[in-house]
Amino acid sequence: MAIEFKRLQASVRPAIRAHLNAMTAEDRFTRFGCHVTDKILDLYTDTINFNRDIVIGALYRGLLIGVVHVAVIQRKNYPSGDLGISVDALCQGKGIGRSLFDEALLHAKRRKLVSLHIQYLRRN
C-alpha cells in the first residue's frame, strides 16, 4: 500500500469534512475525546486555519484516508500546538497514524513549536 503524505490546503477542506463525517461514533470519540455530531465536525472543519496550522493528509491513490491537524497557538510568548489524528477505519492498524504523527513532529520542529498537546485514550 503506497501512501503519500503531504501538506493540505484549504481547497481540500471538503475532503477533510467527508473524512471526518465518515468516522464512526467510537472513532470520533477516540479522535476528539468526546461525542461529536456532524454539525460540530462541520464547525471544526470550517475553523481550520490552513495559513497558521499544520494540516497533513495521508493519501492512497489520491483519496484522503487520514489527517493530522496541529492547531498552532501562542501560549505566553512561544508557539505551541494541539495535535489530533484520524485514520479511516479500514486503514487503521497499518502504521498510517504513526506516520502522520511523525510528519507532524517534523513540521512542528521546522516551525519551532516549543510544545505539542496530545489528547489520547489508553486503548489507542
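## Strands and hairpins

Strand β2 (residues 54-60) is joined to β3 by 7 bridges, and the two run antiparallel. This is a predicted model, in which local features need pLDDT of at least 70 and side-chain atom pairs count only at pLDDT 80 or more, while totals for chains, interfaces and linings use all residues. Residues are numbered from 1 along each chain as its sequence is written, and side-chain values use heavy atoms, with hydrogens and water left out. Strands pair here if DSSP finds at least two bridges between them; helices (H or I, at least four residues) and strands (E, at least two) are DSSP runs numbered from the N terminus.

Across from V55 you will find H69 in β3. The hairpin of β2 and β3 has 2 residues between the strands, and R61 in the turn has a positive phi of about 55°. Moving on, 10 bridges connect β3 with β4, again as an antiparallel pair.

## An aromatic pair and its neighbour

Rings of Phe, Tyr and Trp (its six-membered ring) pair if their centres lie within 6.5 Å; planes under 30 degrees apart count as stacked, over 60 as edge-to-face and the rest as tilted. By this rule there is 1 aromatic pair. The ring centres of F32 and Y44 are 5.2 Å apart with the planes at 80°, so this pair is edge-to-face. It links distant parts of the chain, with F32 in helix α2 (residues 25-32) and Y44 in helix α3 (residues 38-46), 12 residues apart.

F32 counts as buried because its relative accessibility is 19% (buried is under 20% relative accessible area, exposed over 50%, partly exposed in between, with a 1.4 Å probe and protein chains only). R31 lies over the face of the F32 ring, 4.2 Å from its centre; for such a contact, NZ of Lys or CZ of Arg must be within 6 Å of the ring centre and within 35 degrees of the ring normal.

## The second largest pocket

On a 1 Å grid over the protein atoms alone, a cavity is a set of points where a 1.4 Å probe fits but cannot get out, and a pocket is an open set with protein on both sides within 12 Å along at least five of seven lines; lining residues have an atom within 4 Å of a point. Grid points are joined across faces, edges and corners, and a volume is the space filled by probe spheres set on the points.

The second largest pocket holds about 220 Å³ of space. Its lining includes R31, F32 and Y44, along with H69 and L83. Elements giving two or more residues to this lining are α2, β3 (63-75) and β4 (78-87), and β4 gives the most, with 3 residues.

## The largest cavity

The structure holds 1 cavity of 30 Å³ or more, and the largest cavity has about 40 Å³ of space. Among the residues lining the largest cavity are I16, L20, R31, Y44 and H69. Here α1 (13-21), β3 and β4 are the elements that give two or more residues, with the largest share, 3 residues, coming from β3.

## A residue in β5

L116 sits in strand β5 (residues 115-118). With 25% relative accessibility, L116 counts as partly exposed. L116 and L105 are 11 residues apart in sequence, and their C-alpha atoms are 8.7 Å apart in space.
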